[in-house]
Amino acid sequence: SSVAFWKQGTTRWDGRIFTESRNYTVQHGILTNAAVGSALGQCKSSKSSTVVLAAVTLQVGQTAAAAPKQGDVLVTVVGTGTTADFTNIPMLQSFLQRLLDENLELEQLVILEGKAAYRLVVTISLLDVAGSVIDVCVAAASAALLDTRLPTKPLIEDGIVYTSESEGMKPF
């Protein structure tokens, strides 16, 4: 029976017993200059380590004709060093794209209905891959999005979107 299996104390490939959870850490606000939101996600055990950096950048564009009341999100997954050989990058990117498309409130990204909206570009950098990749990517992307702050009160003048900053209006 399954109860007998659990009571055997068998361990997983990474040394954890079946009732033991993974040890995750997520650190918000890693990047302060280039991104509007960022996070570093890590899952480490005695036998494996997965480290993922998620960065959110912002673009401004026209709303889609089919969705004039929404902005959008674009997910990119990149491997660095030995993680570039991680063969499931397209599958992982597709999964994360669907997850964010289905769960973000894209209406919050509209600047001017039918005219302008924000696009959140979520870049996931796989820094070290040794198991639990999807879990860490979802945690890091979620934390980076929670860390994201959209500009307040954008101004549109002659088709150019400006954001308010302490030094005056800056073109976006």
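A salt bridge here is a side-chain nitrogen of Lys or Arg within 4 Å of a carboxyl oxygen of Asp or Glu. The legends below describe a predicted model.

**View 1. The R119–D72 salt bridge.** By that rule, the count comes to one salt bridge. R119 and D72 form the pair, and their closest N and O atoms are 2.8 Å apart. R119 sits in strand β6 and D72 in strand β4 (residues 72–79), so the contact ties together parts that are 47 residues apart in sequence. Both ends are partly exposed: R119 has 29% relative accessibility, and D72 has 27%.

**View 2. Y118 in strand β6.** Strand β6 covers residues 116–128, and Y118 belongs to it. Is Y118 buried or exposed? Y118 is buried, because its relative accessible area of 3% falls under the 20% cut-off. The C-alpha atoms of Y118 and D72 are separated by 6.8 Å. Along the chain, these two residues are 46 residues apart.

**View 3. Strand β6 and its partners.** Strand β3 (residues 49–61) pairs with β6 in the antiparallel sense, over eleven bridges. Within β6, R119 is the bridge partner of Q59. Strand β4 pairs with β6 in the parallel sense, over eight bridges. Here V77 stands opposite I124 of β6. In a regular strand, side chains alternate between the two faces of the sheet.

**View 4. The β5–β6 hairpin.** Strand β5 (residues 110–112) and β6 pair in the antiparallel sense over two bridges. V110 has A117 in β6 as its bridge partner. Three residues lie between the strands of this hairpin. G114 takes a positive phi near 75° there.

**View 5. The largest pocket.** How much space lies in the largest pocket? About 230 Å³. Its lining includes L104, E105, L106, Q108 and L109. L120, L145, T148, R149 and L150 also line the largest pocket. By class, the lining has six nonpolar, two polar and two charged residues.

View 6. A disulfide is a covalent bond between the sulfur atoms of two cysteines. How many disulfides does the rule count? The count comes to zero. C43 is buried, with a relative accessible area of 7%. C137 is buried as well, with a relative accessible area of 0%.

Definitions and conventions:
Residues numbered from 1 in each chain as written. Predicted model: local features only at pLDDT ≥ 70, side-chain atom pairs only at ≥ 80, totals over all residues. Heavy atoms only, no water. Helix = DSSP H or I, 4+ residues; strand = E, 2+ residues; numbered from the N terminus. Buried < 20%, exposed > 50% of the residue type's maximum accessible area, 1.4 Å probe, protein only. 1 Å grid on protein atoms, 1.4 Å probe; cavity = no way out; pocket = protein on both sides within 12 Å on 5 of 7 lines; lining within 4 Å. Points joined across faces, edges and corners; volume = space filled by probe spheres on them. Nonpolar A, V, L, I, M, F, W, Y, C, P; charged D, E, K, R; others polar. Disulfide = S-S within 2.5 Å. Pairing = 2+ DSSP bridges.
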